[in-house]
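Colleague: Thanks for sitting down with me over this one. Could you walk me through the contacts in the fold, a pair at a time?

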Amino acid sequence: MVKEVSRLLKEYLSSMKIFEALDDEEISAVAGIAHHRNVESGIHLFHMGEEMINFYFVVSGNVKIYRIDEEGREQIINFFGKGEMFPHHAVFRKDPYPASAITAEDSEVIFISKKDFEDVIRREPEIAVKLFHYIGELIIDLQHRLQEKMLKPTDEQVLLLIRRLAYAHGLVLRDGRREITLKLTKQEMANMIGLTRETVNRNISIFRKLGILEIGSTGLMIVDLEALEEYI
């Protein structure tokens with residue numbers, strides 16, 4: 001049983017983009033310090049300000065990352081779904097968790113202790129070199145998102161968010177459109193890009209009239225990515 005769990009951890013971690021450059025021996029070392037956990041919906045994995053001791057990978061389900069501002073309002077940072085890692089900077093930094101993480105639905109996660117990971121890197125320093133390439137890609141992505149916020153009009157900001165959600169949490173339908181499996185309120189979407197709920201709601205209404213979006217019978221958004229790209 002232990003060998004089977006170890007094999008599954010190794011198989012899963014080797015599929016993660018952050019570890020794709022590792023060889024078999026290196027990925028085995030990482031899998032040897034990984035832990036698996038099933039978590040019910042609404043359970044915190046960590047809170048903002050706590051000591052950052054672990055980083056996580058989502059096997060199934062969804063995890064919401066959020067902060068509470070000085071006025072007590074929730075600011076959603078992101079949602080992480082199957083195949084994604086968080087917090088990314090935990091690999092190389094020692095500051096506290098910058099936000100809180102709570103399961104948005106029943107989820108399955110793998111977590112690794114920062115201390116154990118640092119011990120592995122000391123034994124296998126080549127792992128750190130290979131991870132720098134992945135971290136560099138993340139920095140570029142964050143720069144692009146900042147540029148979107150500063151330079152793009154609000155309608156394009158909303159569409160770019162929808163595009164990211166469609167790729168990260170989208171189920172491809174028979175007609176080629178994508179159904180976003182993550183059910184978000186307009187307020188949650190607004191919080192993710194720093195706009196008002198009214199602005200997001202108004203733009204979504206426009207996109208529905210243009211045929212870019214459709215709200216399915218389950219209440220989930222269905223996105224025509226071709227039409228979306230033409231609009232942008």
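Predicted model: local features only at pLDDT ≥ 70, side-chain atom pairs only at ≥ 80, totals over all residues.

Colleague: What do the side chains of Lys 130 and Glu 26 form, and at what N to O distance?
Modeller: In general, side chains of opposite charge can pair when their charged atoms come close. The cut-off to apply is 4 Å between the nitrogen and a carboxyl oxygen. Lys 130 and Glu 26 meet in a salt bridge, with an N to O distance of 2.8 Å.

Colleague: Is Lys 10 buried or partly exposed?
Modeller: Buried would need a relative accessible area under 20%, and exposed one over 50%. Lys 10 has a relative accessible area of 25%, so the label is partly exposed.

Colleague: What parts of the chain does the salt bridge between Arg 163 and Glu 229 tie together?
Modeller: The closest N and O atoms of Arg 163 and Glu 229 are 2.9 Å apart. Both residues are partly exposed, Arg 163 with a relative accessible area of 24% and Glu 229 with 36%. Because Arg 163 lies in α5 (residues 154-169) and Glu 229 in α8 (residues 225-231), the pair ties together parts that are 66 residues apart in sequence: helix α5 and helix α8.

Colleague: How many salt bridges are there, and which residues are linked in a network?
Modeller: The count comes to 10 salt bridges. The residues linked in a network of salt bridges are Lys 115, Asp 119 and Arg 122.

Colleague: On to the rings, then. How many aromatic pairs are counted, and is the pair of Phe 19 and Phe 57 stacked, edge-to-face or tilted?
Modeller: The count is 11 aromatic pairs. Phe 19 and Phe 57 have ring centres 5.6 Å apart. Planes under 30 degrees apart would be stacked and over 60 edge-to-face; here the planes are at 45°, so the pair is tilted.

Colleague: Where do Phe 19 and Phe 57 lie, and are they buried or exposed?
Modeller: Phe 19 is in the loop between α1 (2-14) and α2 (24-31), and Phe 57 is in strand β3 (residues 54-60), so the pair ties together parts that are 38 residues apart in sequence. The relative accessible area of Phe 19 is 1%, which counts as buried. For Phe 57 the value is 0%, again buried.

Colleague: How are the rings of Phe 46 and Tyr 56 arranged, and which aromatic cluster includes them?
Modeller: Their ring centres are 5.8 Å apart and the planes are at 40°, so this pair is tilted. Phe 46 lies in strand β2 (residues 44-46) and Tyr 56 in strand β3, so the pair ties together parts 10 residues apart in sequence. Phe 46 and Tyr 56 are both buried. The cluster is Phe 46, Tyr 56, Phe 80, Phe 86, Tyr 97 and Phe 111.

Colleague: What kind of peptide bond joins Phe 86 and Pro 87?
Modeller: Most peptide bonds are trans. Pro 87 is found in the loop between β6 (85-86) and β7 (100-103). With omega at about -25°, the bond joining Phe 86 and Pro 87 is cis.

Colleague: How much area do domain 1 and domain 2 bury between them?
Modeller: The assignment gives domain 1 as 1-147 and domain 2 as 152-230, with C-alpha centres 26 Å apart. In contact are 12 residues of domain 1 and nine of domain 2, while the salt bridge count between the domains is zero. Carbon and sulfur atoms carry 55% of the buried area, which is about 850 Å².

How values were computed
Residues numbered from 1 in each chain as written. Heavy atoms only, no water. Phe/Tyr/Trp six-rings, centres within 6.5 Å; stacked < 30°, edge-to-face > 60°. Helix = DSSP H or I, 4+ residues; strand = E, 2+ residues; numbered from the N terminus. Buried < 20%, exposed > 50% of the residue type's maximum accessible area, 1.4 Å probe, protein only. Domains from an automatic or database assignment. Contact = heavy atoms within 4.5 Å. Buried area = accessible area lost by both parts, 1.4 Å probe.
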